[in-house]
Amino acid sequence: MMNNFDELQKMSKDNMDMAMESFGSVSKGFQAIAAEMADYQKKSFEEGTAAVEKLVASKSLDKAFEAQADYAKSAYEGFVGEMTKLGEMVTDMSKDAYKPYEGVLGKLAK
């Protein structure tokens, strides 16, 4: 009976260790994502401000439309690139959070 209790206690400790390691990976991942989003927002704001200044400084309507079109194109490309990067970060975070459970789930699959 005591042997079963020791095994149960060890299994509980191992499960808690895996959960804490997984939680740590998720926490680090969300911190990295938050930092990346803050950088992107700052960069996007600066680019938007520069585009407005360029638009205001335009001497003709054609130049104003050209400046607006250039900004729209670069903003779209930047957004798509950033979302791709964030998607990769979330994928990496998920893989890191799963790693502690690989051994246990591998044993259960056999």
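How many helices and strands does the secondary structure of the protein come to? The count is two helices and zero strands, where helices (H or I, at least four residues) and strands (E, at least two) are DSSP runs numbered from the N terminus. This is a predicted model, in which local features need pLDDT of at least 70 and side-chain atom pairs count only at pLDDT 80 or more, while totals for chains, interfaces and linings use all residues. Residues are numbered from 1 along each chain as its sequence is written, and side-chain values use heavy atoms, with hydrogens and water left out.

**View 1. The whole chain, before we zoom in.** The C-alpha trace of the protein spans about 90 × 25 × 10 Å along its principal axes. Its radius of gyration is 25 Å, whereas a compact globule of 110 residues would have one near 13 Å; the radius is taken over C-alpha atoms, and the globule rule is 2.2 Å times the number of residues to the power 0.38. Of the 110 residues, 15% are buried. Here buried means under 20% relative accessible area, exposed means over 50%, and partly exposed is in between (1.4 Å probe, protein chains only). The accessible surface comes to about 8800 Å², and carbon and sulfur atoms hold 63% of that surface; the areas come from the Shrake-Rupley method with a 1.4 Å probe, and for residues only the protein chains shown count as cover. Look also at who meets whom: among contacts (heavy atoms within 4.5 Å) between residues at least 6 apart in sequence, 74% join residues at least 24 apart.

**View 2. Charges along the protein.** There are 14 positive and 19 negative side chains, and the centres of the two sets lie 3 Å apart. Lys and Arg count as positive and Asp and Glu as negative, with His and the chain ends not counted; each charge is placed at NZ of Lys, CZ of Arg, CG of Asp or CD of Glu. Side chains of opposite charge can pair when their charged atoms come close. The structure holds four salt bridges, each being a side-chain nitrogen of Lys or Arg within 4 Å of a carboxyl oxygen of Asp or Glu.

View 3. Lys13 and Asp17 join their side chains in a salt bridge, at 2.9 Å from N to O. Both residues belong to helix H1 and stand four residues apart, about one turn of the helix. Asp17 counts as partly exposed because its relative accessibility is 38%.

**View 4. A salt bridge between the helices.** Which residue forms a salt bridge with Glu36? The partner is Lys85, and the closest N and O atoms are 3.3 Å apart. This pair links distant parts of the chain, with Glu36 in helix H1 and Lys85 in helix H2 (residues 61-109), 49 residues apart. Glu36 has a relative accessible area of 15%, so it is buried, while Lys85, at 39% relative accessibility, counts as partly exposed.

**View 5. Glu82, without a salt bridge.** Glu82 lies in helix H2. Glu82 is buried yet has no salt bridge, and the nearest side chain of opposite charge, that of Lys85, is 5.4 Å away. Leaving out residues up to four places away in sequence, Glu82 touches Glu36 and Tyr40.

**View 6. Tyr40 and its contacts.** Tyr40 is part of helix H1 and counts as buried because its relative accessibility is 17%. Beyond residues up to four places away in sequence, Tyr40 touches Gly78, Phe79 and Glu82. The C-alpha atoms of Tyr40 and Phe79 are separated by 8.8 Å, although the two residues are 39 apart along the chain.

**View 7. Ala34 and Leu86.** Ala34 sits in helix H1 (residues 2-56) and, with 44% relative accessibility, counts as partly exposed. Ala34 and Leu86 are 52 residues apart along the chain, and 9.9 Å separates their C-alpha atoms.

**View 8. Ser58 in the loop.** Where does Ser58 lie? Ser58 is in the loop between H1 and H2, and its 22% relative accessibility makes it partly exposed. Apart from neighbours within four places in sequence, Ser58 is in contact with Lys63, Ala64 and Ala67. Thr91, by contrast, is 33 residues from Ser58 in sequence and 43 Å from it in space, C-alpha to C-alpha.
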